[in-house]
Amino acid sequence: MGDTSGNLVQKECAGTESKSETEKLLRQAMEDYEEKKFITKADNITLGELLDIWAEEELKTGTLSNGTVGTYLQAINLLALFSKKHLQDIIFIM
């Protein structure tokens with residue numbers, strides 16, 4: 001969960017009476033997280049913008065090695081050099 005500035009905030013819940021009640025709270029928290037993780041409609045964002053968001057929010061904060069993160073960031077930078085037409089041609093070849 002994040003606050004208005006985008007910083008992650010840990011949500012705490014009071015204790016529950018049973019395991020099933022705790023599991024229900026966990027399922028709800030997971031659904032809330034997945035629901036709020038939605039960025040925007042795909043037609044409102046470019047591939048470059050999406051990759052930049054992914055790199056900042058997921059890639060750099062994850063558990064991957066620095067070498068792996070660096071390789072992904074290089075790939076993102078290379079993709080930024082291609083025009084939309086170039087990318088369509090590459091995808092068509094695949």
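From the N terminus onward, the elements of the protein follow the order α-α-α-α, with 4 helices and 0 strands in total; helices (H or I, at least four residues) and strands (E, at least two) are DSSP runs, numbered from the N terminus. The model is predicted, so that local features require pLDDT of at least 70 and side-chain atom pairs count only at pLDDT 80 or more, whereas totals for chains, interfaces and linings use all residues. Residues are numbered from 1 along each chain as its sequence is written, and side-chain values use heavy atoms, with hydrogens and water left out.

The accessible surface of the protein amounts to about 8500 Å², and carbon and sulfur atoms account for 58% of it. Of the 94 residues, 9% are classed as buried, where buried means under 20% relative accessible area, exposed means over 50%, and partly exposed lies in between (1.4 Å probe, protein chains only). Among contacts (heavy atoms within 4.5 Å) between residues at least 6 apart in sequence, 19% link residues at least 24 apart.

In soluble globular proteins, nonpolar side chains tend to be buried together. The largest nonpolar core consists of 5 residues, namely Leu51, Ala55, Leu59, Val69 and Ile76. When neighbours within four places in sequence are set aside, alanine 55 is in contact with Lys60, Leu73 and Ile76.

A nonpolar patch is also present on the surface, formed by Leu47, Leu78, Leu79, Leu81, Phe82, Ile90, Ile91 and Met94, with about 860 Å² of accessible area together. Two or more residues of the patch come from each of helix H3 (66-81) and helix H4 (84-93). The largest share, 3 residues, belongs to H3, the helix in which leucine 78 lies. Patches comprise residues with over 30% relative accessible area and no salt bridge; like charges are joined within 9 Å, and nonpolar side chains (Val, Leu, Ile, Met, Phe, Trp, Tyr) within 5 Å.

The structure contains 1 salt bridge, a term denoting a side-chain nitrogen of Lys or Arg within 4 Å of a carboxyl oxygen of Asp or Glu. The side chains of glutamate 56 and lysine 60 form this pair, at 2.7 Å from N to O. Glutamate 56 is partly exposed because its relative accessibility is 47%, and lysine 60 is likewise partly exposed, at 45%.

In the loop between H2 and H3 is serine 65, which counts as partly exposed because its relative accessibility is 42%. The side chains of serine 65 and threonine 68 are joined by a polar contact of 3.0 Å. A polar contact is a pair of N or O atoms within 3.5 Å; within protein, one must be able to donate a hydrogen and the other to accept it, and residues adjacent in sequence count only if both atoms are side-chain atoms.

Glutamate 49, located in helix H2, is partly exposed, with a relative accessible area of 39%. Its C-alpha atom is separated by 9.7 Å from that of alanine 80, 31 residues apart along the chain.

Note on methods: Areas by Shrake-Rupley, 256 points an atom, 1.4 Å probe, with all protein chains shown as cover. Core = buried A, V, L, I, M, F, W, Y, C linked by side-chain atoms within 4.5 Å.
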